[in-house]
Amino acid sequence: MQPLQSPHSCKSSVHNGALEDSSERLSPKENKRQRERIAKLGLLEMEAGRGDLPSALALARIYYFGKDAAEDKKKAFRYFQMAADLGSDEARNSLGVMLLRGEGGPLDKTAARRQFKWAAQNGHGRALYNYGICLLNSNSSTKAQKILDIFTSCAETLNIREGYSALGILYYEGRIVTKDLEKSIRLFSLASDKGCAFAKRCLSVILLTKKSSFAERMKGLDHLKCLAALGGPQDQYDYATACLTYGSGLSYQRAFFEYCTMAAAAGHLPALYQLALHFEEGDGVEPNISLAKKLYRLASDQNCKISLIRLTNLNADELGVPDTPAHQHSLDWHMRLKLVICELNAVLLREHELLEDSREAIYLKDKQDPHVRYLLGCAFYSGRGVERDRALAREHFRQAALRSHLEARHRLAKMLWKGEGGVQDKNEALFQLKMASKCGHEQAFWIYCRLSMTVKKEVPG
C-alpha cells in the first residue's frame, strides 16, 4: 500500500543544516545569518509559549526537518502536539504520522488513528486518506464499505491522487472488494496521470506481467522510462531489466546498457553485477573480460559474494587477462567507479557503432574484407541483428584470421580453446594467440604466455 504522507509535504525546501557551536570559523556575513536564525528561534519559542499556533507549527517543522536548527524529533513531536491542542488539523495529521512511525515518542497506532480521525472530521484530505490506511491495516472488524467510501471520497471528492492508487490496489488484490483487473488499471491510470509515481510503477508492472497486447507492454515500458528519467538508480535499473525482458530489437538492447550504466555510475550493486555478467559472457555486447573484472571488483567491494566468486574464477581462468595492477587497488572506491564507468561508456559507444556496422555487413556482397568477416563473426556470436550461431561465428573469425586480422585471431583462439562452435583444439588456439601476439596484440600475448605452459604438445609455427 502507498506509504503514509510525511508531516510536511514541502520537502524540496528542506536543508539538513545545524547551527554551529562556534562562530570563529564563519565569515562576518555567515555570523550575521547565524545570529538571525538564533534570534528567530528564540522569538518563535517565546510566541509558541504564549499559545501562538503559527509559531508552534513553524517550530515543529524546523525541528522535524532540521531547517535552521539541528534535527530533533522529540522537540518536533512536542510542538506538533502543542499545535494540535491549539486546533491545527495539519498538526494532528503530522502528529498521527509520527505516532504511527514511533518518531519522537512511543509507537502508538491507536493514538495515531485517533489523530487522523479528528483531522479528517474537519475536512483534512491527507488525514482522511491516512485514516483509511489505518482502518485497512487494522485487525478490527471495520465494515468494508466504510473503507471503500473513505478512499472513494479521497479520490473523487477531494481529488487526492493517492486515493485512486489505494482503490487500484484494492481492486487488483481483491481486498474487501471483488477483484477487477481492468478497473484496477483504470484507477492506476488516473493516479498516474495526476503524477503519482507509485501508481505509475504499479501500472507498468500490471501491463508487463499480465497477458497483454504488444501495445500495452510498450506502454508499460514507457511508464517505467518516465520513472527512470525522474527517479534514482533503482528506477533506472528497473527500466533497464524490463527492456531486456520485455523489449525486442536493438533499441531496447541499447536502452538496457544505457540505463544500467546510469545506475552503475551511482554505485547500484545489481547494475554493476549485471553489466559485468554481460561483458563476461558477451551477451548483447562485445566480450570484454578486463572490464567485466573491474565491474565485478566494484560490486565485490560492496560485499556482493557472487561477484567475488566470479571475479576469483576469472582471475584463475586460463583465458583470463592479467589482474589490475596493484597500485590501482589503492585508489578510492568512488574514483575507481568513475574510471570504470568512463571506460564502460567508451566501450558501449564503440559497440553501438559496431552494431550498425554488423547489420550492414550482412548484406555486403564482398565478404573477403577481413574486417567485414570479423564484424559478421561478432554479430553471429552475440546474436546482434541475426540469429545466434557460434559455428558460423567461428568460421567468420577463421576467415578473417587467415587474412591477418588480429582481433579475429584473438576471438578465434578463445573459441578454439573452449570448444565453442566446433571441436576443441588447444594447440590451434595457442598458434592463433602466438601469431596475434607477434603482431602486437597485447592481450593475446599475455594469454599466450599463461596458456603455453599448460599444453605439453609443441605448438606449430
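Me: What do buried, exposed and partly exposed mean in terms of relative accessible area?

Reply: Buried means under 20% relative accessible area, exposed means over 50%, and partly exposed lies in between (1.4 Å probe, protein chains only). Cys 202 has 19% relative accessibility, so Cys 202 counts as buried. Cys 243 is buried too, with a relative accessible area of 2%.

Me: What kind of model is this, and how are residues numbered?

Reply: The model is predicted: local features need pLDDT of at least 70, side-chain atom pairs count only at pLDDT 80 or more, and totals for chains, interfaces and linings use all residues. Residues are numbered from 1 along each chain as its sequence is written, and side-chain values use heavy atoms, with hydrogens and water left out.

Me: How many disulfides are there?

Reply: First, the general idea. A disulfide is a covalent bond between the sulfur atoms of two cysteines. The rule here asks for a pair of cysteine sulfur atoms within 2.5 Å. The count comes to 0 disulfides.

Me: Which residues touch the most other members of the largest nonpolar core?

Reply: In soluble globular proteins, nonpolar side chains tend to be buried together. A nonpolar core is a set of buried Ala, Val, Leu, Ile, Met, Phe, Trp, Tyr and Cys residues joined through side-chain atoms within 4.5 Å. The largest one has 61 residues, and Phe 80 and Phe 151 touch the most other members. A second, separate core of 43 residues includes Leu 227, Leu 275, Leu 277 and Leu 311.

Me: What does Phe 151 touch?

Reply: Contact means heavy atoms within 4.5 Å. Leaving out residues up to four places away in sequence, the partners of Phe 151 include Tyr 129, Ile 133, Leu 167 and Leu 170.

Me: Where is Asn 130, and is Asn 130 buried or exposed?

Reply: Helices are DSSP runs (H or I, at least four residues), numbered from the N terminus. Asn 130 sits in helix H6, residues 125–137. Its relative accessibility is 0%, so Asn 130 counts as buried.

Me: Which residues other than glycine have a positive phi?

Reply: Ile 176 is one of them, with phi near 60°. Ile 176 lies in the loop between helix H8 (161–173) and helix H9 (181–193), and is partly exposed at 37%. Asn 303 is another, with phi near 65°. Asn 303 lies in the loop between helix H15 (289–300) and helix H16 (305–316), and is exposed at 69%.

Methods: Helices (H or I, at least four residues) and strands (E, at least two) are DSSP runs, numbered from the N terminus.
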